[in-house]
Amino acid sequence: MKSFKQSHEFAFYADFLSLLHKNAINNTALIVDADLVHRIGSILRLEKGDDIVLFDATHHILATIV
């Protein structure tokens, strides 16, 4: 697990983010976009506890992989 301040800051555009933000419960939501999950896990090799910024035209969030 890398500390967010000690690692690269990755950010991805996620066109579904407004909908995800709207439907979040207790600031928690599940991302099921297969392409995004693949890029985060397989290409970036981020792991549990790592952080990533997701954004769209109106929102940006700091997400933690669980």
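Two strands pair if DSSP finds at least two bridges between them, and strands here are DSSP runs (E, at least two residues), numbered from the N terminus. With that in hand, let's start the tour.

This is a predicted model, in which local features need pLDDT of at least 70, side-chain atom pairs count only at pLDDT 80 or more, and totals for chains, interfaces and linings use all residues. Residues are numbered from 1 along each chain as its sequence is written, and side-chain values use heavy atoms, with hydrogens and water left out.

Stop 1: Select residues 11-13 for S1, then 51-55 for S2 and 60-64 for S3. Together they make an open sheet of three strands in the order S1-S2-S3, with mixed pairing. S1 and S3 are the edge strands, each pairing on one side only. From one strand to the next, the twist averages 30°, an angle that runs from 0 to 180 degrees between the N-to-C directions of lines fitted to C-alpha atoms.

**Stop 2: the S1 side.** Colour S1 and S2, which run parallel and are joined by three bridges. Click on Ala11 and look across to its bridge partner in S2, Val53. Tyr13 stands opposite Phe55 in S2.

**Stop 3: the S3 side.** S2 and S3 run antiparallel, with five bridges between them. Val53 comes up again here, standing opposite Leu62 in S3. A hairpin takes the chain from S2 to S3 through four residues. Show the surface over S2 and you will find a mostly covered strand, with four of its five residues buried (buried means under 20% relative accessible area, exposed over 50%, partly exposed in between, using a 1.4 Å probe and protein chains only).

**Stop 4: Asp56.** Now select Asp56, in the loop between S2 and S3. Is Asp56 buried or exposed? Asp56 counts as buried because its relative accessibility is 10%.

Next, display its side chain, which makes a polar contact with the side chain of Ser18 at 2.7 Å. A polar contact is a pair of N or O atoms within 3.5 Å; within protein, one must be able to donate a hydrogen and the other to accept it, and residues adjacent in sequence count only if both atoms are side-chain atoms. The Asp56 side chain also reaches the backbone nitrogen of His59 at 2.7 Å.

Finally, select the residues that Asp56 touches (heavy atoms within 4.5 Å): Tyr13, Ala14, Asp15, Leu17 and Ser18, not counting residues up to four places away in sequence.
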